[in-house]
Amino acid sequence: AIDLLKQIVQENPKDWNTTNRIGDLYAKLNNLKGANEQYEKVARYYADDGFYLKAIAVWKKVLKNDPSRLDGHEKLGELYARQGLVAEAKQTLNVVVDEYIKRSKKREAGEVLRQLAEVDPSDMKVRIRLAEFYAWEGNQEKAAGEYVAIAEELVKKGHIAEALQLIEKALRSGPRSPRLLVAYARVCLVQKD
């Protein structure tokens with residue numbers, strides 16, 4: 001059956017339903033690698049054409065066959081975000097960040113943290129982790145910018161003491177950035193008012 005379906009796909013390479021069926025047949029034969037090769041083709045097509053829910057469903061099949069694939073979890077998180085499923089995107093991408101950290105892949109973790117910060121800019125914990133990543137990476141300017149932006153957000157929300165603590169922590173953890181010093185002064189002035 002697989003050979004016959006492959007002939008159909010060979011004649012019509014954009015027959016994604018048939019490609020998906022080939023993947024299903026491989027899965028039934030316990031050839032999970034073969035199944036995932038087919039599923040990935042289908043998932044990429046759906047994602048590229050804006051069918052995010054269908055792409056999500058297919059990536060879930062890939063991850064059912066091989067849950068250790070961080071690239072699959074990352075793609076799933078991206079698709080959740082594109083579909084506007086913020087909670088699901090955050091949950092999935094947080095798992096990816098934690099797993100990259102466990103595997104000592106800090107650069108990859110940082111890239112996913114950037115995605116997480118874009119998915120939900122109001123998530124202060126993620127943004128603080130991102131600022132810490134920038135500092136670890138040696139990019140003090142980006143770290144300072146992120147810390148200052150977070151502090152400004154906290155001040156707007158009336159959390160002056162938290163903003164002050166955050167900037168003090170940032171100043172202790174790295175070189176004294178002029179941006180951080182200015183932000184520190186601003187927060188101190190707001191606190192006195």
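Which residues line the largest pocket? In this predicted model, the lining consists of Val 97, Ile 101, Lys 106, Ala 109, Gly 110, Leu 113, Arg 129, Glu 132, Phe 133 and Trp 136. The elements that contribute two or more residues to this lining are helix H6 (86–102), helix H7 (106–119) and helix H8 (124–137).

**The largest pocket**
- The space in the largest pocket amounts to about 160 Å³.
- Sorted by class, the residues lining the largest pocket are six nonpolar, one polar and three charged.

**The largest cavity**
- One cavity of 30 Å³ or more is found when the whole structure is searched, and the space in the largest cavity comes to about 70 Å³.
- The lining of the largest cavity is made of 11 residues, and those nearest its centre are Gln 140, Tyr 147, Ala 170, Gly 174 and Leu 180.
- Helix H9 (140–156) and helix H10 (160–173) are the elements that give two or more residues to the lining of the largest cavity, with the largest share, four residues, coming from H9.
- By class, this cavity lining has seven nonpolar and four polar residues, and no charged residues.

**Helices H2 and H3**
- Helix H2 (residues 16–28) and helix H3 (residues 32–48) have axes that come within 7 Å and cross at roughly 155°; H2 and H3 are therefore roughly antiparallel to each other.
- The crossing in which H2 passes H3 is left-handed.
- On the H2 side, the contact is made by Trp 16, Asn 17, Thr 19, Asn 20, Ile 22, Gly 23, Asp 24, Tyr 26 and Ala 27, while H3 supplies Leu 32, Gly 34, Ala 35, Gln 38, Tyr 39, Lys 41, Val 42, Tyr 45 and Tyr 46.
- The contact of H2 with H3 comprises 10 nonpolar, six polar and two charged residues.

**Helices H5 and H6**
- The axes of helix H5 (residues 70–83) and H6 come within 8 Å, with a crossing angle of roughly 155°, and H5 and H6 are therefore roughly antiparallel to each other.
- H5 passes H6 in a crossing that is left-handed.
- From H5, the residues making the contact are Leu 70, His 73, Glu 74, Leu 76, Gly 77, Glu 78, Tyr 80 and Ala 81, and from H6 they are Glu 88, Ala 89, Thr 92, Leu 93, Val 96, Glu 99 and Tyr 100.
- Divided by class, the contact of H5 with H6 has eight nonpolar, three polar and four charged residues.

Definitions and conventions:
Residues numbered from 1 in each chain as written. Predicted model: local features only at pLDDT ≥ 70, side-chain atom pairs only at ≥ 80, totals over all residues. Heavy atoms only, no water. 1 Å grid on protein atoms, 1.4 Å probe; cavity = no way out; pocket = protein on both sides within 12 Å on 5 of 7 lines; lining within 4 Å. Points joined across faces, edges and corners; volume = space filled by probe spheres on them. Nonpolar A, V, L, I, M, F, W, Y, C, P; charged D, E, K, R; others polar. Axes fitted to C-alpha atoms, helices over the stretch in contact; angles between N-to-C directions. Parallel < 35°, antiparallel > 145°, perpendicular 65-115°, else oblique. Left-handed = near helix turned anticlockwise from the far one by under 90°. Contact = heavy atoms within 4.5 Å.
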